[in-house]
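Please open the structure in a viewer and keep the selection panel at hand. The stops below are meant to be followed in order.

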Amino acid sequence: MTEKYYETAIIIRQEELLPGINSMWIKTDKIAEVAKAGQFLNLYCKDKSRILPRPISICEIDKSDMAIRLVYRVIGEGTDEFSKLHTGDTIKVTGPLGNGFPIKQKHAIIIGGGIGIPPMLELAKTFPGEKDIVLGYSNELFLDGEFEKYGNVHIATVSGIYGTKGNVLDSIKENAISGDIIYACGPMPMLKAIKEYAESEEINIQCWLSLEERMACGIGACLGCMTKSKNKDAHTQVNNKRICTEGPVFLSKEVVM
C-alpha cells in the first residue's frame, strides 16, 4: 500500500476552466513522489467550522517539480473556499489515498464523464500502450485539448454540439472503438452502463471503474462510502467495499451496481 503523508502544500497557481470548474496546481513535499493515477487527496478547510476534509481526485502528477494538479467542481462551502486560494497560499492535504489504476500492457479504452474526466488525464499521460480516449460532456468542453496529446480523443455531448450526440457508449459504437481493457470514471449511471457493456458476451473485456462517492473521513474509518460487492469485505464481513480504501478503483466484476 502506498504510504500516506499529511502536508502543508503551497498553491502554485489556480484558474477557472469553466464556470464552477477550477484547476489548481499544488506543491508538495512527498505526496507527488509516490502518487499514482486514480488516487485522490483529502483537502482541509481553514474555516474550522468545516471539520471534514474534501476528497479530490488527482488530475496530473509532476514528479520532477513535486507538484499535483487538482481539477474540481465548486459545489459547496469547502470547495468554494479552495477556489479563492491564490499563488503562495497554503492548504493542508493528506495523500495519496485509495488505490489507483492497475497498468496493463494492452490497448486501452480510457473513458471519462463529467467531473470524472480529470482523474483520467494522468492515466492517459502515463499509460504505455495504445489508447483511445472517450470523453463525455453535458455541453461545454474542458481538458479535451490536453488529452489530445496522449491518444485518439472521441467526444460525446448530450446536445451533439461537439462529437457524437449522446453518451460515451454512443461514441464508442459510432466510432467502432475496440480495445483489450477499459478504464472509466464518471457518474454512477455511466459506470453501470460501461460495466454491462464490458461484461457482455459480445465484448467481454477487463474493465476497471473509479467510483465517485461522498466521503467523510477518506481513510476507511467511518464506513460512509460503501459500495456493494460480490465478495465479503475483510473489514466489515458483509458484501460491501469501502470506496476510499479498497477503491476508488475496482475491477468491474467485483462490484454490484
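Predicted model: local features only at pLDDT ≥ 70, side-chain atom pairs only at ≥ 80, totals over all residues.

**Stop 1: strand β1 and its partners**

Select β1, residues 5-18, together with β7, residues 90-97. These two strands run antiparallel and are joined by 6 bridges.

**Stop 2: the largest nonpolar core**

Which residues have the most contacts inside the largest nonpolar core? Select I110, M120, L123, F142, F147 and Y183, which hold that position in a core of 26 residues. Two or more residues of this core come from each of β8 (108-113), α3 (119-126), β9 (131-137) and β12 (181-185). The helix α3 gives the most, with 4 residues. If the model is coloured by domain, the core can be seen to draw at least three residues from each of domain 1 (5-97) and domain 2 (108-210).

As general background, nonpolar side chains in soluble globular proteins tend to be buried together.

Centre the view on I110 and display its contacts. Leaving aside residues up to four places away in sequence, I110 touches M120, L123, A124, K131, D132, I133, V134 and Y183. Apart from this core lies another, of 22 residues, including Y5, I11, M24 and I31.

**Stop 3: helix α3**

Is α3 mostly covered or mostly uncovered? Of its 8 residues, 6 are buried, so the helix is mostly covered, with buried meaning under 20% relative accessible area. Select P119, M120, L121, E122, L123 and A124 to display the buried residues of α3.

**Stop 4: the second largest pocket**

Finally, display the second largest pocket, which has a volume of about 410 Å³. Its lining comprises 21 residues, and those closest to its centre are G113, G114, G136, Y137 and S138. The elements that give two or more residues to this lining are β9, α5 (168-174) and α6 (188-199). Which element supplies the largest share of the lining of the second largest pocket? Select α6, from which 4 residues come.

Notes. Residues numbered from 1 in each chain as written. Heavy atoms only, no water. Core = buried A, V, L, I, M, F, W, Y, C linked by side-chain atoms within 4.5 Å. Buried < 20%, exposed > 50% of the residue type's maximum accessible area, 1.4 Å probe, protein only. Domains from an automatic or database assignment. Contact = heavy atoms within 4.5 Å. Pairing = 2+ DSSP bridges. 1 Å grid on protein atoms, 1.4 Å probe; cavity = no way out; pocket = protein on both sides within 12 Å on 5 of 7 lines; lining within 4 Å. Points joined across faces, edges and corners; volume = space filled by probe spheres on them.
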